[in-house]
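This briefing covers selected features of one model, grouped by topic. Please view the sequence and the structure first.

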Amino acid sequence: MTPTLIGRIQTRLFLIVVVGVPWTLLVSPFLPRAASDSFLGGRGATSDLYPTLFAALGWLALFGVIVWEPLYHLAQQFRWEKDWPMLFGLITVVPEAILVWWVLDGEPPATGSTFVVHAVSTWIVMWLVANGPIRIFLLRWRFRGGRVFDGAAW
Amino acid sequence: MTNEQLSPPPATPPGTPAPPTGGVPDLTDELRATSIWTDELVAAARLPVVDVPMVSIGGGIGSFILADVLRISGLPTSSLRVIGNIDTPWQTYEYLTKVSQIPRHERLRSDSTGCPDNVWGFPGYSVREAWNEKTIAPLFNVLTEPIFTDFYTPRAGQAFEAMAKEAERIGFDEMSWRGQVRMIRRRHGGGYFTAYRPADGSAPRVVVRSSFAHVAVGYPGLTFLPDLQRFRDTHGDRVRVVNAYEPHEHVYDTLRKRGGTVVVRGGGIVASRILQRLMEDRMHHGAQTQIVHLLRTFVHGPQKRSRFARRHGGNGLAYQGFNWPKSSWGGQLKDDFDRLEGDERKALYEQLGGTHTPKRKLWQKQMEQARREGWYSVTQGVVDSVEPEGDHRLALRLAAANSAVSELTADFIVDCTGLEGDIRSSALLADLLDHGGAGRNPMGRLDVERSFEVRGTRTEPGRMYASGSATLGGYYAGVDSFLGLQYAALRIADDLAATGFTNRIGIGRSAAQWWRWARNRSVE
């Protein structure tokens with residue numbers, strides 16, 4: 001990809017809302033979690049995971065906008081092509097997920113493995129969409145450095 | 001600089017129209033001299049007039065991609081005619097790639113997502129290659145490029161086959177007229193007249209009246225280095241001194257039979273291709289070839305303008321994946337080109353331009369082995385003169401940068417500098433400059449707006465557009481590429497949509513049309 005800073009930010013927010021949120025709803029019933037606190041035992045309720053999972057998405061958006069994307073943009077300046085290889089877009093999940101985990105106030109039944117499976121799977125799905133299918137809908141996106149929200153303007 | 005049109009593809013007759021025969025209507029002197037034609041003037045010349053809403057002139061990949069995008073936007077086939085003198089849109093391109101040593105099974109210098117058959121660039125060539133050949137290698141390649149692997153590039157054949165399929169899907173043949181376009185003139189009252197000679201001989205000259213026109217005529221012409229042109233003019237020798245873009249199979253044949261010394265001139269992608277062929281002939285077929293690689297500029301290491309602008313280089317060559325830095329097609333550098341005017345834009349072109357070639361692992365390996373075995377050397381210098389020596393050989397006098405003069409004897413010289421001629425070497429473009437109101441951009445090519453409308457040619461409500469190599473120097477650098485032609489086509493389609501001529505491709509149409517593409521259903 002060849003994003004601009006504003007394109008990076010817009011694409012991130014777009015992907016979190018359009019891909020991250022539905023994916024979270026879709027995947028949460030299958031995420032690992034702690035046993036229920038209830039008297040009867042069993043698995044914790046899926047809906048009890050939501051506060052943690054959506055908070056994680058929120059932090060992903062917030063840190064992305066104020067920390068990571070500006071940092072990536074800076075790193076990109078050292079590249080002659082001013083591009084951002086696919087591989088970078090994939091492996092950056094590691095520092096980003098660590099930071100989110102650090103600030104995240106996980107609530108039971110969400111556990112560490114809930115978070116890891118959710119974070120990694122969501123990231124991969126967003127990354128896959130950004131590297132292809134997004135263009136089915138946003139035909140001009142790839143020529144606009146990742147800008148999504150400019151309407152009819154090029 | 002002298003200019004010579006290289007041998008055109010065999011199917012393409014020369015562009016000059018035959019003199020009109022007695023009584024047969026053709027362009028009158030009055031028409032030729034008049035920049036803006038009236039309907040009466042054309043009628044008085046007794047030329048057959050055909051009305052079409054839009055014409056695209058060229059018939060190559062530029063025309064094809066525009067036709068594709070317009071069809072996807074909902075334009076019926078009846079609204080567009082593509083006039084060109086080739087059988088298929090990729091004919092000229094395939095000819096040029098083939099003679100410059102990219103046959104169908106070799107790979108182009110093009111990104112996985114620059115797909116002339118697919119305006120979305122999804123799925124890209126890498127995904128399709130993985131699917132068709134049941135291998136994950138291309139996917140791994142795009143995942144790790146350019147960090148651990150070379151940039152993925154598609155095989156030439158894959159691009160041509162995909163275009164053939166898309167041409168069928170959009171009904172491209174229905175829109176194609178075969179013929180040689182001589183000129184486009186503005187029409188009094190709006191629109192354009194396109195005068196062309198039908199290839200089937202049905203009429204000596206037909207005039208097409210349209211509201212919109214698009215010009216995508218490809219390379220205006222290729223030029224030889226001045227010293228090589230002098231040699232060819234003086235000695236009439238087209239055997240020993242050849243251009244990489246003209247057929248020169250005899251060079252490889254002779255070297256395989258007899259061995260000899262070949263001078264390869266230029267440090268670009270074409271030189272790399274020619275070197276690959278020469279080296280493989282030596283490595284695999286025993287050709288006793290000595291290769292002298294002659295470079296005007298020797299690149300010793302990374303070319304560094306600042307820590308933020310550093311292009312890789314070494315062993316004489318500058319390295320870059322594609323013909324512009326990648327973000328020129330749609331990122332930071334694209335925005336820079338888009339924003340800058342005049343001399344500032346020219347400065348950016350010059351800063352990012354120059355001669356370079358991809359740093360491919362295979363080529364590095366071959367050059368390394370060849371250097372080690374002593375049959376490949378790189379020399380920096382310019383050629384002062386070329387003279388025949390004996391019956392078969394050439395004597396070159398070289399002038400190096402330190403003004404040391406040296407001499408060299410060779411059997412062949414292959415010019416890979418790929419100099420492009422002035423846009424005036426195209427009669428059609430020259431006519432546009434002289435009569436059409438068109439002008440030149442800061443790089444001397446055809447001046448176009450950000451929408452690719454040719455500046456100065458508008459005749460309300462009509463508009464004329466241009467795309468491809470002739471427009472280099474405008475607000476978009478990557479015009480001479482698959483992806484650049486798609487960008488131009490989208491800009492043109494959007495501009496046309498704003499006039500009401502066709503629909504703007506929004507999210508819904510885009511997705512619906514992609515789904516049709518994916519199932520290979522026709523656009524309607």
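Is B:Asn520 buried or exposed? B:Asn520 is exposed, because 10 other C-beta atoms lie within 10 Å and 12 or fewer count as exposed. The model is predicted, with an ipTM of 0.94 and a pTM of 0.93.

**Confidence in chain B**
- The average pLDDT of chain B is 92, and 95% of the residues score at least 70.
- Residues 1-21 of chain B have a pLDDT below 50, and this stretch makes 33 contacts in the model beyond near neighbours in sequence.

**Contact with chain A**
- In chain B, 35 residues are in contact with 24 residues of chain A.

**Backbone geometry**
- B:Asn520, in the segment after H17, is not a glycine but has a positive phi of about 55°.
- B:Phe452, also not a glycine, has a positive phi of about 70°; B:Phe452 sits in the loop between H15 and S23.
- B:Phe452 is buried, because 29 other C-beta atoms lie within 10 Å and 20 or more count as buried.
- The loop between H15 and S23 also holds B:Pro461, which a cis peptide bond with omega of about 0° joins to B:Glu460.
- Another cis peptide bond, with omega of about -5°, joins B:Phe122 and B:Pro123; B:Pro123 is in the loop between helix H4 (91-99) and helix H5 (125-133).

Definitions and conventions. Residues numbered from 1 in each chain as written. Chains lettered and ligands numbered in written order. Predicted model: local features only at pLDDT ≥ 70, side-chain atom pairs only at ≥ 80, totals over all residues. pLDDT = per-residue confidence, 0-100. Contact = placed C-beta atoms within 7 Å. Helix = DSSP H or I, 4+ residues; strand = E, 2+ residues; numbered from the N terminus.
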